[in-house]
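Open the model in your viewer and switch to a cartoon view. The tour below goes from one selection to the next.

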Amino acid sequence: MAEAKIVILGVGGLGCAALEHLGQFVLQGNVRTVAASTSAAELQAASAEHRVLLGFELAGGEGCGGNSDQAREATMLSKQNLLETLADTDLVLMIAGMGGGHGLGAAPAIATMLAELKIPVLAFVATPFNFEGKRRNQLSEQGIAALLQTGCAVVVLPNDQLSAALGAGFSLQQAFSAIHQVLYQLLCALLEMLSELGLINLDFNDFVQVISHNGLAVVGIADIAAEDSIPMILQRLLNNPLIKCQSVHSAQAVLLHLAADNRFKLEQFEATGSYLAQQIPSANLILQGLTLRSDSARRSSVLLLACGIRHH
Ligand SMILES: Nc1nc2c(ncn2[C@@H]2O[C@H](COP(=O)(O)OP(=O)(O)OP(=O)(O)O)[C@@H](O)[C@H]2O)c(=O)[nH]1
Ligand SMILES: [Mg+2]
């Protein structure tokens with residue numbers, strides 16, 4: 001297929017803030033950014049190409065005050081606008097924070113519209129810090145369940161894990177921006193892979209096939225050196241604190257994409273498949289793709305996407 005048309009869609013407070021932090025890197029010809037919120041102020045800050053103010057007649061641009069019913073209703077009121085903005089898209093990468101009104105109300109409502117349009121969705125959601133309290137955590141769990149019900153693949157990024165990874169003595173500011181750094185890295189890696197797909201083994205439809213395994217998903221990336229063995233690399237990927245807290249071993253579909261320089265050895269690549277099959281025994285689909293980088297100044301890297309992980 002011609003280059004796939006991708007939308008990065010930020011929903012609610014975190015979704016809009018994330019778009020601001022992503023900056024211009026994503027703005028290749030085939031990638032558009034869209035922000036959607038009931039809050040005009042959040043949209044204003046989003047620096048997205050397209051902004052959709054949800055349900056102005058209901059929320060007056062003032063946000064939904066944590067009320068997910070209001071966020072859902074506001075989203076439905078703006079259905080036409082959303083459909084027009086999101087139509088003619090091959091893939092939506094959605095970003096939302098869970099625990100407030102938009103994560104539970106707006107994000108699943110938009111995902112339902114996208115499902116009706118048969119547009120695949122890979123969602124990235126942040127879950128609340130512990131200090132935000134039980135109520136927000138419950139809303140967050142409900143939001144994840146609601147999003148999963150729409151059929152999409154959901155990558156959960158727990159704020160607490162991210163800040164723990166920073167170690168002791170980190171500032172609140174650092175803890176808050178950790179999510180933005182992680183999103184930046186993951187989206188960069190995914191978009192780069194999507195632009196490289198089709199060279200060896202994988203194409204866009206393979207990617208869609210993997211994310212169409214409904215359930216939780218994980219994305220892991222690692223730089224690699226020529227002397228690293230693939231099992232070593234995958235072990236490093238799977239031990240990442242963000243991935244470790246998910247039951248990646250129960251994934252149903254796995255995609256591994258290697259971007260290697262020309263020193264990379266064939267047997268290293270071949271070893272990955274059998275190692276992955278061992279580590280993720282439930283996977284009935286394991287796809288491996290390879291891109292050879294002619295630019296030897298760039299490090300080789302590997303990206304793992306595992307989907308169809310059951311949510312408890
Ligand atoms: N690390 C980090 N997490 C954030 C940030 N903003 C929001 N979050 C997380 O995302 C969750 C949801 O927040 P928002 O996206 O602002 O929620 P919302 O749906 O706009 O909330 P309401 O407008 O109150 O309905 C929060 O509980 C936080 O855990 C941020 O800048 N950094
Ligand atoms: Mg908000």
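Two strands count as paired if DSSP finds at least two bridges between them. With that in hand, note that this is a predicted model.

Select residues 253-261, which form strand 8, and then residues 300-309 of strand 10: seven bridges join these two, and they run antiparallel. Within this pair, Ala259 stands opposite Ser301 in strand 10. Next select residues 266-279, which are helix 13; this helix packs on the sheet and touches strand 8 and strand 9. The direction of helix 13 makes about 155 degrees with that of strand 9.

Look for Gly220, which stands opposite Leu304 in strand 10.

Now move to residues 153-158, strand 6. Three bridges connect strand 6 to strand 7 (residues 215-224), and here the pairing is parallel. Val154 faces Leu216 of strand 7 as its opposite residue.

In what order do its ten strands lie? The order is 3-2-1-4-5-6-7-10-8-9, in an open sheet with mixed pairing. Strand 3 (50-53) and strand 9 (285-293) are the edge strands, each pairing on one side only. From one strand to the next, the twist averages 20 degrees.

For the last stop, select residues 79-86, helix 5. Helix 5 lies across strand 1 (6-11), strand 2 (31-37), strand 3 and strand 4 (91-97). Relative to strand 3, helix 5 runs at about 165 degrees.

How values were computed:
Residues are numbered from 1 along each chain as its sequence is written. Chains are lettered from A and ligands numbered from 1 in the order in which they are written. This is a predicted model: local features need pLDDT of at least 70, side-chain atom pairs count only at pLDDT 80 or more; totals for chains, interfaces and linings use all residues. Helices (H or I, at least four residues) and strands (E, at least two) are DSSP runs, numbered from the N terminus. Axes are lines fitted to C-alpha atoms, for helices over the stretch in contact, and angles run from 0 to 180 degrees between N-to-C directions. Two residues are in contact if their C-beta atoms, placed from the backbone, lie within 7 Å.
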